[in-house]
Each structure stands twice: as structure tokens, then as C-alpha cells.
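Take a look at the model below.

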Amino acid sequence: MNALIKAAALCAMMTLLVSCGGNDSAQGHNSGQISAGQEASAQQKVYNWKLVTTWPKNFPGLGVAPENFAKLVDRMSNGRLKVKVYAAGEIVPALEVFSAVSNGTAEMGHGAAYYWKGKMPAAPLFTSVPFGLNAQEMNGWLYHGGGLELWRELYAPYNLVPMPAGNTGIQMGGWFNKELNTIADFKGLKMRIPGLGGEVFTRAGGTAVNMPGGEIYTSLQTGVIDAAEWVAPYNDLAFGFNNVAKYYYYPGWHEPGPTIELIINKEAYQTLPDDLVAIVESAARTINQDMLDEYTSRNNAALKMLKEKGVEIRRYPDEVWNVLRETTKAVMEENANKDEMFKKVYASYDAYRKSVNAYHQISERAYYDMRD
Ligand code: CA
């Protein structure tokens with residue numbers, strides 16, 4: 001934890017330096033909107049904010065990240081910004097987090113953009129795209145490739161400022177109770193799989209269902225769904241999916257590096273003095289990286305334990321993989337033709353994917369192939 005706090009403090013300093021240089025256009029921030037007198041009183045004020053999440057209380061990785069965020073913000077602001085974290089269902093149900101922060105019921109929310117696909121077709125592009133960017137590449141696109149500006153443009157009409165606040169790294173392909181040999185095995189299968197991956201799954205013959213993590217186990221157990229993807233070994237073991245499903249498929253074609261989001265009510269954000277804005281952005285960036293680091297470390301022991309418990313780890317057959325990849329192309333094109341913002345965001349995303357792929361083929365991929 002000490003290392004985390006130090007990193008956050010350093011990050012805060014760096015962000016402040018950037019702000020001093022005037023390069024804060026992408027930071028959604030607000031200097032100039034409050035007077036010097038207001039700024040002085042804002043420096044004394046203690047802000048008590050609520051942060052609602054889509055996760056179960058203290059859930060490993062995903063649910064702990066907003067708690068870490070709140071602790072960091074408290075320490076970095078010397079107690080001037082207090083953030084109280086609420087699990088899914090404590091103030092609002094998981095899938096109402098977006099609306100609750102948009103209308104000011106809570107000042108902040110932590111979840112995933114693809115849960116809001118029904119409101120904004122382009123939202124899932126800021127979580128994960130099937131066969132798209134991995135975690136490292138998502139961060140590159142969002143922070144240095146124009147992604148964050150587009151994300152803020154998309155959420156602005158909803159009175160929200162989004163930012164990256166976690167990434168699980170590449171996920172697993174999901175839990176099944178029957179073997180997958182051909183794409184025909186998807187037929188009639190009801191699977192919990194949100195976002196664009198869900199659209200592809202449905203197009204490939206299955207039926208995609210979106211439900212929060214906390215409902216998956218019972219739904220699998222009672223047969224409400226036949227299959228489910230959640231995250232990766234660390235989280236899937238925590239939920240005990242190995243007790244209700246036999247086969248664990250890899251890799252997670254549908255979520256190669258999903259970004260987790262922090263959303264902030266824009267009006268509330270504009271009341272914060274400049275230094276607290278910098279602290280919020282820095283703490284978000286710290287948990288964004290820390291979550292990925294945690295998954296990178298903890299998935300390994302969890303995978304070993306799942307194997308020891310008798311879970312059958314299976315690779316998606318090439319035939320299934322090839323159909324999913326081609327179906328993804330059709331789904332992306334169709335979405336782009338239906339929605340202007342989807343088209344605009346995906347143009348940026350896809351151009352970035354192509355450019356980063358050219359280099360990662362001869363760096364990351366070449367290295368993994370050679371390592372052993
Ligand atoms: Ca997932």
C-alpha cells in the first residue's frame with residue numbers, strides 16, 4: 001500500500017505540473033469557472049461525496065479498486081475530499097449507477113461503459129471490443145491516442161465526466177457445461193456476456209444476457225442461463241463458478257483488455273477546486289494501473305487452484321474462433337452504419353488498433369513467441 005500511495009503522490013505532482021503548463025483540455029477540468037474568493041473558500045471546504053458501484057462489496061480487484069481510490073483521495077487531499085463507496089444495491093442497483101451519477105443521486109460511480117450500451121451504442125467501445133485492443137493498448141489509445149476526449153464527448157450530454165479507473169487485462173472465454181466443437185454448439189445457448197461480445201455471440205447463434213456479476217452464480221445454478229463469462233481466474237474462483245460449470249474456455253476473444261470506468265457528475269466536479277480535480281484524476285490513474293497489476297499477479301495462483309478443483313480448461317476451437325472473428329467485423333460495421341458516434345469513435349479506435357498492431361507484431365507478439 002505504501003508503494004501505491006507514493007506512486008499516487010508522484011502522479012499527483014506530475015498532473016499538477018501538466019496543469020500548470022495549461023495542457024488540461026483533456027482533463028475535463030474547470031479552472032476559470034470559479035472566482036478567486038470562491039477558490040479560497042473551496043480550499044477550506046470538506047467535500048463529502050458518494051461513489052456508487054456496479055460491484056459486490058469489497059469484491060476482489062473490481063470492488064476493492066474504488067475503496068483504494070477513496071483512501072488515496074482522502075490522504076492526498078488531507079481529508080478535504082471524503083468519498084464513501086457503496087456496493088451494488090446499497091443505494092442503487094448495479095445497472096442504475098450511470099443514471100444515479102447523471103442525476104446527482106451520487107457524485108461518482110465505478111463500473112464498465114458497456115453496461116450502458118442501451119443508452120449509447122458507442123459506450124462499449126470504451127470497455128472492450130472483441131478481437132480489439134489489449135489492456136496496454138487501451139491505455140495507449142485512451143491517454144495518448146484521442147480515446148479519452150471522445151469518451152468525454154459521448155458522456156457530456158448525460159452530465160458526466162468519465163475516466164479510466166481499472167483494467168482486468170485479457171479475460172477468459174467463459175464457463176460452459178458442454179463442450180464447444182463447432183459454432184453450431186452456440187445454438188440455443190443462453191450466456192451472460194455483455195457488450196459487443198454479446199452482440200457477436202447472439203449473431204453466432206446464441207442468446208446474450210446482460211446481468212451484474214452478483215447474479216451470475218445463482219442464474220447458472222438454476223438454469224436461467226447455460227453459460228457465463230465474468231472475468232478471469234482470480235475473480236471467477238472468488239464467485240465459485242467451478243461449482244456450477246465444468247468447462248472453462250480461453251482466451252477471452254470478447255474482452256481482450258476491458259477498461260473499468262470512473263464517472264463523475266459534471267456539475268459536482270465543477271465545484272471542486274483545481275488541486276482536488278488533479279487529485280481525483282491522479283488517484284483514478286493510479287487505480288487504473290494498480291488493478292491491472294493485481295490481476296496480472298493473482299490470476300496465476302487462481303488458475304492453478306481451478307485446475308486442482310477439476311475444472312477442464314479448453315481452448316476455443318479454431319473453427320469457432322474464426323467464425324467469431326468474422327462475425328465481429330460484420331457487427332462492428334453494422335453498428336457504425338446505425339450510429340454516428342459509434343462510427344466516429346470506432347474510426348479512431350480502429351486506426352489506433354491497426355497502427356499499434358504493426359509494431360506489437362514485431363515486439364510484444366514476437367517476444368511472447370520466443371520467450372518459450
Ligand atoms: Ca467480462
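**The calcium site and the spaces in the protein**

This is a predicted model. Start with the calcium ion. Its protein donors are Q171 (OE1), E229 (OE), E229 (OE), W230 (O), E255 (OE) and E255 (OE). They lie 2.2 to 3.1 Å from the ion. Along the sequence, the donor residues follow the spacing Q-x57-E-W-x24-E.

What is the geometry of the calcium site? The site is irregular, and the angles among its six donor atoms run from 44 to 169 degrees.

Buried means under 20% relative accessible area. E229 has 0% relative accessibility, so E229 counts as buried. W230 has a relative accessible area of 3%, so W230 is buried too.

Now turn to empty space. A probe the size of a water molecule, rolled over the atoms, shows where such space is left. Searching the whole structure gives four cavities of 30 Å³ or more. The largest cavity holds about 80 Å³. Its lining has 13 residues, and W55, Y114, Q171, E255 and I260 lie nearest its centre. Q171 and E255 are also calcium donors.

Next comes the largest pocket. Its volume is about 1,800 Å³. The pocket is lined by 47 residues, with N134, I170, P251, P256 and Y368 nearest its centre. Which helix gives the most to this lining? Helix 13 does, with 12 residues. Helix 5 (135-144), helix 11 (274-308) and helix 12 (318-338) are among those that each supply at least two residues. The lining divides into 22 nonpolar, 14 polar and 11 charged residues.

Key: Residues are numbered from 1 along each chain as its sequence is written. This is a predicted model: local features need pLDDT of at least 70, side-chain atom pairs count only at pLDDT 80 or more; totals for chains, interfaces and linings use all residues. Side-chain values use heavy atoms; hydrogens and water are left out. On a 1 Å grid over the protein atoms alone, a cavity is a set of points where a 1.4 Å probe fits but cannot get out, and a pocket is an open set with protein on both sides within 12 Å along at least five of seven lines; lining residues have an atom within 4 Å of a point. Grid points are joined across faces, edges and corners, and a volume is the space filled by probe spheres set on the points. Donors are N, O and S atoms within 2.8 Å of the metal (3.2 Å for Na, K and Ca); water is not among the atoms, so sites may look incomplete. Four donors count as tetrahedral if all angles lie between 85 and 135 degrees; four count as square planar and six as octahedral if opposite donors are over 155 degrees apart and all others between 65 and 115; anything else is irregular. Buried means under 20% relative accessible area, exposed over 50%, partly exposed in between (1.4 Å probe, protein chains only). Helices (H or I, at least four residues) and strands (E, at least two) are DSSP runs, numbered from the N terminus. Ala, Val, Leu, Ile, Met, Phe, Trp, Tyr, Cys and Pro count as nonpolar, Asp, Glu, Lys and Arg as charged, and the others, Gly among them, as polar.
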